[in-house]
Amino acid sequence: MVEIQVQNVPHNISTQQLQKPQKFSKPEKAKDFGNDSVEISTKQPKLTKKTKWGIFLGVLGAIGTAALLILKGKFSKAVQLAEHIDFTRANSLEEAIEFGRKHLGIKKYKNFTDKDLDTINWINEGLTKISNKFKGKAKIPKTIEYIEAEKSVMARVRHNGIKYDSWLGINKSFFENIDNILKNKAFINDRDYELFDEKTTKRLKELMQKYKEGKLTNLEDKIQLFDEIRAFENEKLQSPARFIQEIMNNPEAKQKLIDKGLLYGENNNKYNFLNLFEIDLDKDLYTQADPRFVETMKKIFIRESGYKMKHNEQSPFRTIFHEIGHLNDKVRNDDEALTGNVSFFEKIKAWGDNKKDFGTACSVSDYASTSPGEFVAEVFAELASGNKLSDEVMELYQRLGGKIIP
């Protein structure tokens with residue numbers, strides 16, 4: 001099982017504790033929707049000896065065929081969907097369920113009622129976008145369930161290899177309380193906006209204004225505002241060392257620091273911190289200065305360079321993208337387990353020892369740096385959102401077995 005925390009995705013954390021997987025109860029028997037019917041006869045016909053032998057041989061043949069398919073790995077592969085699906089918003093619960101079954105291969109929708117239509121439309125649209133982006137080759141969950149969970153969880157995925165169908169759980173507590181969640185979260189200080197490039201915060205400001213005026217009524221807009229605020233807060237709190245390096249990699253911003261005499265040396269990589277000591281910006285800042293001084297350096301560099309942070313606009317379907325990224329990555333890990341390759345947990349153990357890979361993951365998000373699995377899910381979400389990533393990120397993503405857009 002993979003969980004995404006809504007404060008859920010604490011992008012500003014630098015470590016992550018591994019938790020024991022939760023046990024799930026046996027899936028409930030599927031409920032039929034639509035006009036399916038089964039005719040049951042209580043009359044027991046008498047079988048001849050010849051008929052009994054025919055049934056016995058037929059069962060043996062079916063078992064043999066199933067075993068052969070398992071050995072060939074047929075059951076572990078995703079069902080091929082159409083390369084492009086035209087999404088249509090449903091006007092009823094039955095219509096939404098039929099769309100998912102017909103176009104996305106979803107077998108069961110559990111615990112949804114008529115009042116949850118907006119939520120199920122949001123789910124179907126997000127899954128359709130993923131399927132279209134990957135031309136029908138992304139794995140889509142077979143069961144969608146409305147679950148009761150703590151409000152901090154937005155969604156979960158689960159996949160148990162070839163034995164059980166994949167599952168996506170959507171947290172009822174979050175969606176039924178989204179207005180109260182926004183009420184406690186929808187606040188950004190005007191001074192914080194000044195740290196960011198105005199063009200990249202345009203959508204966030206528009207949504208915030210609509211919310212203040214009481215005009216934010218669409219579920220997708222509410223989800224996007226929530227994710228925009230969360231991303232904005234995490235971007236603001238990004239590591240000072242990482243941000244200083246970002247400024248140093250920007251020629252215009254760096255030149256302003258040089259012109260003001262703040263940078264010197266052969267490669268203009270030296271900085272005298274408040275006339276206390278010299279810092280080499282090509283080396284680890286935290287081994288040369290107290291973390292509080294590094295935070296002060298960040299503020300000085302921002303002010304003197306005029307550099308503005310970039311806000312990454314969020315898709316209202318990003319949570320679904322991230323979760324399905326985990327699901328597709330889990331398929332890869334299941335296949336590796338069957339073929340005896342390096343396990344996922346061995347990769348996690350090696351993750352912290354590779355500074356280059358860790359730094360590459362940090363360039364995607366702080367949360368992406370917490371483990372190979374979170375990195376793959378975050379990159380998958382970026383690709384599904386239509387964002388372009390660096391060659392270094394894509395090289396690591398492919399090395400870890402991330403799903404590539406066809």
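Visitor: Which residue forms a salt bridge with arginine 230?

Guide: This is a predicted model, in which local features need pLDDT of at least 70, side-chain atom pairs count only at pLDDT 80 or more, and totals for chains, interfaces and linings use all residues. Residues are numbered from 1 along each chain as its sequence is written, and side-chain values use heavy atoms, with hydrogens and water left out. A salt bridge is a side-chain nitrogen of Lys or Arg within 4 Å of a carboxyl oxygen of Asp or Glu. The closest N and O atoms here are 2.5 Å apart, and the partner of arginine 230 is aspartate 227.

Visitor: Are arginine 230 and aspartate 227 buried or exposed?

Guide: Buried means under 20% relative accessible area, exposed over 50%, and partly exposed in between (1.4 Å probe, protein chains only). By that scale, both arginine 230 and aspartate 227 are buried.

Visitor: Why does lysine 115 count as exposed?

Guide: Lysine 115 meets glutamate 176 in a salt bridge of 3.0 Å, N to O. Glutamate 176 is partly exposed, at 43%. Lysine 115 counts as exposed because its relative accessibility is 62%.

Visitor: Which residue does arginine 399 meet in a salt bridge?

Guide: Arginine 399 is partly exposed, with a relative accessible area of 44%. The N to O distance is 3.0 Å, and the partner is glutamate 395.

Visitor: How many salt bridges does a search of the whole structure find?

Guide: Some are linked in a network, made of Arg203, Glu206, Lys210 and Asp221. Over the whole structure, the number of salt bridges found is 20.
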